[in-house]
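Hi,

Here is the structure for your set-up work. My notes follow below it.

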Amino acid sequence: MAMAGLYSFPYILPSGRLFAPTGKRLANHVVFCLFAGGIRNFESIGKAEGNLMPRMLSGSEKISDAIRHDIEELSGLDPDLQALQKNGALYKKFRFNNTATLHYAGHAAAIMGVYAPNVPLMKPLNYPSLNNEYLSSQFNPWGLGMKANEDIMSMYAATKVLSQFKPELMVVNMQHSDIGHENFTSYCNNIHKADFAVSRLWKTIQETPGLKDDTVLIIAPEFGRNLAPNSMVDGNGKFAIDHTGDDNSQQIFCMVLGPAGIVRQNIEIASQTGETIDIVPTIAHILGFYDDIPKSIVTGRFLQEAFV
Ligand SMILES: [Zn+2]
């Protein structure tokens with residue numbers, strides 16, 4: 001469900017900002033990564049199936065026996081790219097604070113800073129494969145070959161844009177974990193791939209002069225998934241999970257990573273703190289245009305806990 005046609009390229013706003021910067025900046029670059037597709041805290045930071053995100057999260061919890069054989073290993077673990085959370089703050093009880101856990105509404109909240117439960121549901125096109133085939137013929141992201149899913153290809157393209165253009169603001173979206181509607185193990189495998197992709201994004205930032213030490217990376221799922229599974233069973237006997245607005249589908253995490261002088265290092269915020277609509281004001285504060293955002297519409301707050 002909802003996978004067809006969802007192919008997301010990074011989009012950038014290198015110039016022509018909506019608001020002129022009037023305040024002091026914390027950094028000159030922000031990358032916001034939607035770790036999207038509807039991901040439950042159980043499988044991400046809760047590690048209910050083991051640490052599926054060893055590049056982002058601390059801990060070596062073994063992937064559960066039920067699904068381990070279907071989780072693809074991805075080029076080993078680079079010691080420099082393990083536990084990215086040490087480079088910043090992990091909000092463990094972040095929230096998409098609205099029952100409209102629909103992808104378009106989720107993206108709207110993340111990008112606009114407003115919960116918009118009635119945003120019209122656009123239908124994806126029925127012929128998405130041209131893009132995919134073109135990209136498959138052009139790209140072999142990080143040597144992964146057929147292991148590269150759409151999220152990894154999107155992120156690979158994002159790293160190329162980042163290193164070449166050094167945009168002040170980039171938003172990159174991953175969506176492939178949404179296969180969780182029909183296959184739980186594939187959902188876990190795609191969380192694992194999204195984790196790999198984020199680690200390469202971080203590596204690109206650290207290796208690009210002008211971005212290193214001057215970029216804040218914010219990562220958050222658009223929302224979670226339900227507590228109760230649906231009726232679809234995968235080959236490992238695991239039930240799939242939708243996202244229909246229950247409390248669990250509103251529970252997510254958020255990671256704010258950046259240089260030590262700007263972002264607090266290696267902290268976890270365990271209490272219920274922060275929500276999706278806080279990300280836009282936070283980016284505005286980082287880039288110095290917080291005073292110019294319309295507070296009557298954008299009611300979120302600066303995520304100050306993450307910053308020095
Ligand atoms: Zn979905």
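A residue is buried if 20 or more other C-beta atoms lie within 10 Å of its own, exposed if 12 or fewer, and partly exposed in between, with C-beta atoms placed from the backbone. This is a predicted model: local features need pLDDT of at least 70, side-chain atom pairs count only at pLDDT 80 or more, and totals for chains, interfaces and linings use all residues. Numbering starts from 1 along each chain as its sequence is written.

Two loop lysines come first. K47 has 18 C-beta neighbours inside 10 Å, so K47 counts as partly exposed. Its phi is near 55°, a positive value in a non-glycine residue. K47 sits in the loop between β2 (29-35) and β3 (88-95); strands are DSSP runs of E, at least two residues, and helices runs of H or I, at least four, numbered from the N terminus. K166 is in the loop between α3 (150-165) and β4 (169-174). Phi of K166 is near 45°, again positive without being glycine.

Of the 24 residues of α4, 21 are buried, so the helix is largely enclosed by the rest of the structure.

I218 is in contact (C-beta atoms, placed from the backbone, within 7 Å) with V30, F32, C33, V256 and I279, leaving aside neighbours within four places in sequence.

Best wishes

Definitions and conventions. Contact = placed C-beta atoms within 7 Å.
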